[in-house]
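Here is a short report for someone meeting this structure for the first time. Take a look at the sequence and the model, then read on.

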Amino acid sequence: MDWGTELWDQYDIIEKHTQSGLELVEKYVKFVKERTEIEQNYAKQLRNLSKKYNLKRSSKDEPECRLSSYQSFLDILNEMNDYAGQRELIAENMMMNICIDLTKYLQELKQERKTYLMEAKKAQQSLESTYKQLDSSKKRFEREWREAERAAQYAEKTDQDINATKADVEKAKQQAHMRAHVAEECKNDYAAQLQKYNKEQNQFYFNDMPLIFNKLQDLDERRVRKLAQGYILFSDTEKHVMPIIGKCLEGITKAGTNVNERNDSMVVIEQNKSGFERPGDVEFEDYSQGINRASSDSSLGTPKGPMELLGKNRSKNFWLFSKKSKKFTPERMTPTVTEDFAHLPPEQRRKRLQQKLEEICKELQKEVDQSEALGKMKDVYEKNPQMGDPASLASQISQTSQNIERLRGELNKYETWLAEAGGRGDTLRYKTHTFNNNGAHDTLSPDGAHSDESTPDPSQAIYAEFDDDFEDEELAAPIGKCTAMYGFPGASEGTISMQEGEVLAVVEEDKGDGWTRVRRNNGDEGYIPTSYVTISLNK
């Protein structure tokens with residue numbers, strides 16, 4: 001199986017995949033360079049490097065992650081954690097054998113890829129030009145035959161008119177004959193242009209583009225093979241100077257040898273094959289029907305009917321360059337993008353719907369967590385008015401509730417579409433909170449039923465002693481640290497503001513009331529919602 005046969009209509013996918021492959025090589029070269037720079041440092045620096053180049057959690061569902069080259073790269077990063085304690089100077093060999101060699105090879109691949117894409121563009125422009133000529137000759141053929149038909153009708157009418165002179169009749173017949181002759185020439189020209197276009201279209205779809213796609217496949221497989229060699233060199237360089245970590249290096253070697261360029265190509269085909277058929281030849285359209293039979297004896301044949309087949313083919317999106325060539329692809333040939341992804345092939349539609357569902361579930365869970373935190377804050381304010389006014393949270397609670405209802409609606413809508421597409425509607429489990437008129441919050445299951453969860457009693461001594469906690473006293477030693485998942489204004493007395501992503505020291509754990517006491521580096525202390533942060537306590 002090859003790209004030219006199986007991915008004949010996936011020009012954009014192939015272009016994106018080959019570009020992504022080159023970017024992976026660049027990423028790997030940069031990775032090794034930085035590895036040489038930090039080689040003298042301890043294990044912690046190596047682990048940070050491995051973490052830096054590891055794919056983000058949100059990127060692990062990308063189609064590229066199924067490719068063996070990507071998996072091998074991740075395996076290399078994992079193996080680095082095993083020998084992170086080792087420190088040796090091997091930067092020179094790595095720079096010479098991997099970075100410089102791969103960078104030079106990468107430049108050659110970029111130039112070669114650019115050449116192939118230019119060939120594809122040139123072939124497309126040639127087919128576009130031929131199509132314009134065909135369209136022009138067809139319109140001329142249609143126009144001239146209509147004129148010839150009117151001239152023939154006029155000659156016949158003049159011949160039957162008893163008031164017409166012989167000269168008028170003769171002139172009308174000559175005019176009809178001349179028009180028929182011009183129309184016949186246009187017909188022959190249209191037939192020749194049609195034959196030329198069909199031949200060039202067949203050449204384009206069955207020879208030119210498959211050949212270019214196969215060249216790009218060969219380039220990509222050579223890139224993967226070279227990258228695999230770079231993976232292996234990464235370990236071999238260390239083996240010569242660090243036999244003590246041979247076991248870890250063998251794992252990296254295995255990661256390189258596990259790269260299978262042919263298998264990667266099969267994965268690309270499996271992920272992106274549309275299953276559509278190549279377009280057929282455009283049929284001949286004859287506008288000469290209805291003309292006086294005596295006006296021409298050189299007809300090419302009786303067509304099925306005018307203005308039908310080519311018009312139908314026009315509405316069929318068979319161009320490869322759907323995004324790049326706006327002039328070549330009429331707007332009516334571009335499928336309308338719909339919210340339910342119905343414009344995509346079935347398999348791709350199911351994948352996009354499932355991905356959208358997961359995004360909605362994550363967003364919904366975030367709103368649910370915020371709703372829970374606001375509910376706890378409101379309970380605390382009601383029990384301890386000195387901390388803040390419960391009414392100040394009303395707008396946030398209302399907005400959060402609206403967001404939850406909106407996301408629920410979207411979730412149900414996309415689950416329905418996914419079921420229609422033949423997919424499974426499994427989504428993340430979540431719980432939501434609603435608030436009654438008294439400010440109390442109830443825990444709801446996904447189906448809206450009340451659960452048996454009870455709100456922790458917020459009336460603990462800690463709130464009565466807020467002022468005492470922050471009096472001048474010797475600072476308590478931190479018991480851990482936390483990272484803010486969401487921003488918190490900290491507008492109420494006893495609380496402290498924080499920004500999303502901010503790291504704070506944990507001074508006192510949550511005692512069951514939903515609040516954690518933290519401290520900044522500048523000494524500022526206060527309470528924050530426990531559900532707003534991720535906490536890591538010291539062991």
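## Terms and model

Rings of Phe, Tyr and Trp (its six-membered ring) form a pair if their centres lie within 6.5 Å; planes under 30 degrees apart are stacked, over 60 edge-to-face, and the rest tilted. With that in hand, one aromatic cluster can be named: Tyr 28, Phe 31, Tyr 53, Phe 73, Tyr 231 and Phe 234.

The model is predicted: local features need pLDDT of at least 70, side-chain atom pairs count only at pLDDT 80 or more, and totals for chains, interfaces and linings use all residues. Residues are numbered from 1 along each chain as its sequence is written, and side-chain values use heavy atoms, with hydrogens and water left out.

## The chain as a whole

The chain has 13 helices and seven strands. Both are DSSP runs, numbered from the N terminus: helices are H or I with at least four residues, strands are E with at least two. The chain holds 539 residues, and 45% of them are buried. Buried means under 20% relative accessible area, exposed means over 50%, and partly exposed lies in between (1.4 Å probe, protein chains only).

Contact means heavy atoms within 4.5 Å. Among contacts in the chain with a separation of 6 or more, 73% are between residues 24 or more positions apart.

## Two nonpolar cores

A nonpolar core is a set of buried Ala, Val, Leu, Ile, Met, Phe, Trp, Tyr and Cys residues joined through side-chain atoms within 4.5 Å. The largest one has 66 residues. Tyr 28, Phe 31 and Phe 234 have the most contacts inside it. At least two residues of this core come from each of helix 2 (11-37), helix 3 (43-53), helix 4, helix 5 (91-160), helix 6, helix 7 and helix 8 (261-272).

In soluble globular proteins, nonpolar side chains tend to be buried together.

## Aromatic pairs

How many aromatic pairs does a search of the whole structure find? The search finds 19. In one of them, the rings of Phe 204 and Tyr 205 have centres 5.0 Å apart and planes at 85 degrees, so the pair is edge-to-face. Phe 204 and Tyr 205 are both buried.

Phe 488 and Tyr 532 form an edge-to-face pair because their ring centres are 5.8 Å apart and their planes stand at 85 degrees. Phe 488 lies in the loop between strand 3 (480-484) and strand 4 (503-508), and Tyr 532 in the loop between strand 6 (525-529) and strand 7 (533-537), so the pair ties together parts 44 residues apart in sequence. Phe 488 is buried, and Tyr 532 is too.

A charge sits over a ring if NZ of Lys or CZ of Arg is within 6 Å of the ring centre and within 35 degrees of the ring normal. Lys 226 lies over the face of Tyr 105, 5.3 Å from the ring centre.

Helix 7 (residues 246-257) has 12 residues. From first C-alpha to last it reaches 16 Å, close to the 16 Å expected at 1.5 Å a residue. The expected span is 1.5 Å times one less than the number of residues.

Which residues of helix 7 are buried? They are Gly 246, Cys 248, Leu 249, Ile 252, Thr 253, Ala 255 and Gly 256. Seen down the axis of helix 7, these fall within an arc of 165 degrees, so they line one face of the helix. The arc is that of the directions from the helix axis to the C-beta atoms. The buried residues pack against helix 4 (68-82) and helix 6 (166-239). The face turned away from the buried side carries the exposed Lys 247, Glu 250 and Lys 254.

Helix 11 (residues 394-420) has 27 residues and reaches 39 Å, close to the 39 Å expected. Its buried residues include Ile 397, Asn 403, Arg 408, Tyr 414 and Trp 417.

Ser 137 lies in helix 5. Its relative accessible area is 6%, so Ser 137 is buried. Leaving aside neighbours within four places in sequence, Ser 137 is in contact with Asp 189, Tyr 190 and Gln 193.

Ala 155 is also in helix 5. At 7% relative accessibility, Ala 155 is buried. Its C-alpha is 5.2 Å from that of Lys 173, 18 residues away along the chain. Lys 121 is found in helix 5 as well. Lys 121 is partly exposed, at 27% relative accessibility.
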